Amino acid sequence: MSREKLSSRRRRALPCPGDEHPLIVLVDGHVAKTRGLTSSGVIVTDLKTALMEHTALVERYLGTVVSMDENQLIALNTALFRNGAFVYLPRNAVLAQPIQLIAVTTQGGYGTFPRNLIIAEEQSQVTFLDAYLTEADISEDLHVGVTEVVAKQGASVRVGTIHEFSKDTTGIVLRRASVARSANVQWVLGEIGDGYSVVEFGSRLVGEGSSSTSHAIALGSGRSHMDITSKMVHIGKFSESDTTARGVMQDQANAVYRGVTQILKGASGANGQQAEKLLMLSPESRADAIPMLLIDENDVKCGHAASVGQINEDQLFYLMSRGLSEATAKRMIVWGFIDPVLAELPLDGVRRAVESVLERKLV
């Protein structure tokens, strides 16, 4: 029997009590509700509690993927973070239900600094969903968030994120994974707020045969600004990455999307692909797609595709000639543009949230 089949048979599914998924709700950085899990070696709780009850485990991994002083903002998060999520899966554990974190900011001017730590031991599987929301009428606020993922050999981790910041909120987010041999990390990002956002997410593909994918959708309106970077660093041999992004900007919104694939010396057999497409719905909106390939190894495969443009007038004319109003025709074109990425989103919760916001904004 192959090693893969043997590992699959040894995995144990761990349904949540009463089929209720683990849940952490933070309001202004403080825990408002928790529905954790501490059975069969699995630990799902808030990070503050984990620091008290699982000190050695947290200290062993915290700051190993994202250095606590990587830059000034990360150092600020390290110094001021109040809470976040802590997830630990032992070897061969499979968590059947997704873990969900909801963080709501109701008061501006104080800053929010969440930090999440996810550890998946060998051959384990977990899905983590987190949403960050700010009330529309809060005063100026700063959000600095950090998420670290440690995926050990053969582990599978899926992380889906929604950012819906208000127009007076500045959001700075760094999400990074360390991916060991034959492990896989999937990133899903929905950037749908009206504020100023700078987001970097991606993986360090350390082990041989490690892989990571990222799917990002950005919906900008008003005067929102979105600066998004997807960064995949190939270190291990035969590592693979695939990043896709779709952005729709309307009103005076603007976006910059950077796709970075870096293949270090020694990562022979690596394969990195990326594709970014951005659509502008008004003359005042702006979008830039910047693909980057940084390659220090010869025996690799890499590719990128990037495009920025407005709605095709021929398509619009064709639909309107069939009796559709201009607004309805534009909606159909936008849905057709964004649907290929929506259909690929592996997380239903993120997909439904993005679809709901798109319906609301495209009026």
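Which residue forms a salt bridge with R176, and how far apart are the closest N and O atoms? Hi everyone, let's start there: the partner is E70, and those atoms are 2.9 Å apart.

A quick word on the ground rules. This is a predicted model, where local features need pLDDT of at least 70, side-chain atom pairs count only at pLDDT 80 or more, and totals for chains, interfaces and linings use all residues. Residues are numbered from 1 along each chain as its sequence is written, and side-chain values use heavy atoms, with hydrogens and water left out.

By salt bridge I mean a side-chain nitrogen of Lys or Arg within 4 Å of a carboxyl oxygen of Asp or Glu. That rule gives a count of 10 salt bridges.

Back to our opening pair. R176 sits in strand β13 (residues 169-179) and E70 in the loop between α3 (55-61) and α4 (72-80), so this contact ties together parts 106 residues apart in sequence. Helices here are DSSP runs of H or I with at least four residues, strands are runs of E with at least two, and both are numbered from the N terminus.

R176 also meets E200 in a salt bridge, at 3.7 Å from N to O. E200 is in strand β15 (residues 196-205), 24 residues from R176. Together, E70, R176 and E200 form a network of salt bridges.

How accessible are they? R176 is buried at 14% relative accessibility, while E70 is partly exposed at 36% and E200 is partly exposed at 27%. The cut-offs, with a 1.4 Å probe and protein chains only, are under 20% relative accessible area for buried, over 50% for exposed, and partly exposed in between.
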